[in-house]
Amino acid sequence: MEKNAEPNTNCLQDIECPKCGHTSPMEIVVRSWARVYDDGVEETYDTEWDENSRIHCLNCGHRGNVFAFVTEGEEDDLPCERVKEYNGTWSCVNDHTGCMWNDGHNQCGYKGESLSPLGDD
Ligand SMILES: [Zn+2]
């Protein structure tokens, strides 16, 4: 399976493989109601899981619990965004101190008037 690194926005929002970055699809051990006949399962519904459910990355095979796959709150997920201070300097809004333009104290050294230097090409 090809790695998919598109951010999830629906059922799998904030879920990403911590090992390879793959985002979808995943295999998750879920709880659901199933209509079961003698010869098999016909349909399932009310499917749910939580952060302690087992999850399996279909790209690299990494397994863990859902909470280990949640990316929420990581600063790298926040967009590149800066504001101009009254003294003419630029400040990084989302604390990207590892960015090439950030001096380590959230002052942005990118030349120009762009509010999102990393979005410029
Ligand atoms: Zn993976």
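Which domains does the domain assignment of the chain give? The assignment gives domain 1 (1-72) and domain 2 (78-109), with bounds that come from an automatic or database domain assignment. The C-alpha centres of domain 1 and domain 2 lie 36 Å apart.

The structure is a predicted model, in which local features need pLDDT of at least 70, side-chain atom pairs count only at pLDDT 80 or more, and totals for chains, interfaces and linings use all residues. Residues are numbered from 1 along each chain as its sequence is written.

Helices (H or I, at least four residues) and strands (E, at least two) are DSSP runs, numbered from the N terminus. Along the sequence these elements follow the pattern β-β-β-β-β-α-β-β-β.

The overall dimensions of the chain were then computed. Along the principal axes, the C-alpha atoms fill a box of roughly 75 × 25 × 25 Å. The radius of gyration of the chain is 21 Å, whereas a compact globule of 121 residues would have a value near 14 Å. This radius is taken over C-alpha atoms, and the globule rule is 2.2 Å times the number of residues to the power 0.38.

Of the 121 residues in the chain, 14% are buried. A residue is counted as buried if 20 or more other C-beta atoms lie within 10 Å of its own, as exposed if 12 or fewer do, and as partly exposed in between, with C-beta atoms placed from the backbone. Among the contacts in the chain with a separation of 6 or more, 33% are between residues 24 or more positions apart; two residues are in contact if their C-beta atoms, placed from the backbone, lie within 7 Å.

Strand pairing was examined next; two strands pair if DSSP finds at least two bridges between them. Strand 2 (residues 31-37) and strand 3 run antiparallel and are joined by six bridges. A hairpin of two residues connects strand 2 to strand 3, and Tyr 37 stands opposite Gly 40 in strand 3. Strand 3 (residues 40-48) is hardly covered, as the count of buried residues among its nine residues is zero.

An open sheet of three strands has the order 6-7-8, with antiparallel pairing. Strand 6 (82-84) and strand 8 (107-108) each have a single partner strand and stand at the edges, so one side of each is left without a neighbour in the sheet. Strand 6 is joined to strand 7 (residues 90-92) by three bridges, and the bridge partner of Val 83 in strand 7 is Ser 91.
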